[in-house]
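Hello,

Here is the structure I promised to pass on. My notes on its pockets follow.

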Amino acid sequence: MAEPKTKYDRQLRIWGEQGQAALEKASICLLNCGPTGSETLKNLVLGGVGSITVIDGSKVEVGDLGNNFMVDESSVGQSKAQCVCSFLQELNDAVKAKFIEEYPEALIETNPSFFSQFTLVVATQLGEDSMVKLDTICRQANVMLIFARSYGLTGFVRISLKEHTVVESKPDHFLDDLRLNNPWPELKRFAESIDLDVQDPVVHKHTPYVVILVKVAEQWAKSHGGSLPSTRDEKKEFKDLLKARMISMDEDNYKEAIEASFKVFARRGIGPDLQQILNDSSAEVDSNSSDFWVMVAALKEFIANEGGGEAPLEGSIPDMTSSTELYVNLQNIYQAKAEADVLVIEQRVRNILKKIGKDPNSISQTTLKGFCRNARKLKVCRYRSIEDEFNSPILPELQKYLTDEDYSVAVGFYILLRAVDRFAANYNSFPGQFDGGMDEEISRLKTTAVGLLSDLGCNGLTLTEDLINEMCRFGASELHAVAAFIGGIASQEVIKLITSQFLPMSGTFIFSGIDHKSQLLSL
């Protein structure tokens, strides 16, 4: 067997060893292993999750051969859960795989405690009633839950859990933490020790831009009552000051300084997103608080005291034109400050843990370092229960989506995916599932959808005939192309949740294969 380090080499670059370790510890339960469920699990098995349990009560039929790569002709008549499970096991022998031949709906009804053994449940192709029940079960057991469903050319994915906290949110664009607008004493002293008006042209063009900006910003503040450039004219004037200091046109360090001058103009202190987390009621910790909130409580104290309104320093600096000696010195100054900040946070975390009656060493230094390095990018996601969303969606949002051209297809499919479940409850089959009077099915589905809309408080609003006709044409089929896409989205979200990295999606994700558009609905 290949050594895991080389086996998962490419993905380790994305979510690192800690992320991979979290995946290898995770146990995943899949409900229904049709194409949507099988495609989701395939991606997770290849990624190296710890264990999978496949639950499906059906037997493989000839029709399954056309949309599920994980069964073949020899599987017909056999347990679908068993066939899919053994195929998935072949993809990665390091994953523990087992199956249970039972219908998920029955398991949800008769054995709710069964689900508490898993890290995460992927529930595919479930009807509305089972979704609501399973959501309640998983929330009580603190098990993460993802719903996925494909239906003809449409499908949805929805995450559900009380709260998900992310330290490594890895945003695409984020201002690096250089503190040019608020330098600490050591950085100031270092800048003061360097002469910008040095005569030697080689030295002049190898002064790092961090030093140039700290010094010029300080001079500016002295002559402007302590404040930094804020208006458009002031910012232009500041850049002109930098230009005027250039001796020749090929000084890259000054060009970098002009390009990076917006970092001097940035607001001091912490951003509104972090402020919201610090103000969250969960930041008032007690013996039930998670490690995340304990660290947030320490962060709050740090910002108010030693941090002087700032989060702990991240401690890394980008590449820049500089002499090696100055760059290394600068790097050391940033690293030393970041390490000092971690020690202060560590002390505060240990004190808080002691105060709430927990082991003061229960949070490791590695965890604390990672937390401090990402303190400005923390995220907290909370999800409404499925029952709340289904019974009392946020009306202004729903009405806005229904009347907005950009959202009309997505919200139309959202309503119809719920309407087909009502339809099935009334008529014992999905619209268009069996050959027969299509016109009658269409008018029944329309009546069902209008009824659903009025129950949700959207009287007088209706869906386009086109969508209703399409939904009946789908006949509850699972198309492989759509299932593979929905499974791809679902597995990506599973990885975000398990590794606690990147930002999982909020709201309900709806895909329309008719116009190839995806939308997130916040209901």
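**Largest pocket**

Helix H16 supplies the largest share of the lining of the largest pocket: six residues. Keep in mind that this is a predicted model.

The volume of the largest pocket is about 1,200 Å³. Its lining has 34 residues, and the closest to the centre are Thr165, Phe292, Ile498, Thr499 and Ser500. Two or more lining residues come from each of helix H2 (9-25), helix H6 (128-141), strand E7 (163-166), helix H14 (291-304), helix H16 (365-373) and helix H22 (480-499).

By residue class, the lining of the largest pocket has 12 nonpolar, 14 polar and eight charged residues. Domain 1 (4-162 + 479-521) and domain 3 (272-382) each contribute at least three residues to that lining.

**Second largest pocket**

The second largest pocket has a volume of about 940 Å³. It is lined by 32 residues. Nearest its centre lie Gln125, Phe430, Gln433, Ala476 and Glu478. H6, strand E5 (144-151) and helix H19 (408-427) are the elements that give two or more residues to this lining. H19 gives the most, with four residues.

The lining of the second largest pocket divides into nine nonpolar, 11 polar and 12 charged residues.

Where does the second largest pocket lie relative to domain 1 and domain 4? Domain 1 (4-162 + 479-521) and domain 4 (389-474) both give residues to its lining, so the pocket lies between them.

Best regards

Terms used:
Residues numbered from 1 in each chain as written. Predicted model: local features only at pLDDT ≥ 70, side-chain atom pairs only at ≥ 80, totals over all residues. Heavy atoms only, no water. 1 Å grid on protein atoms, 1.4 Å probe; cavity = no way out; pocket = protein on both sides within 12 Å on 5 of 7 lines; lining within 4 Å. Points joined across faces, edges and corners; volume = space filled by probe spheres on them. Nonpolar A, V, L, I, M, F, W, Y, C, P; charged D, E, K, R; others polar. Domains from an automatic or database assignment.
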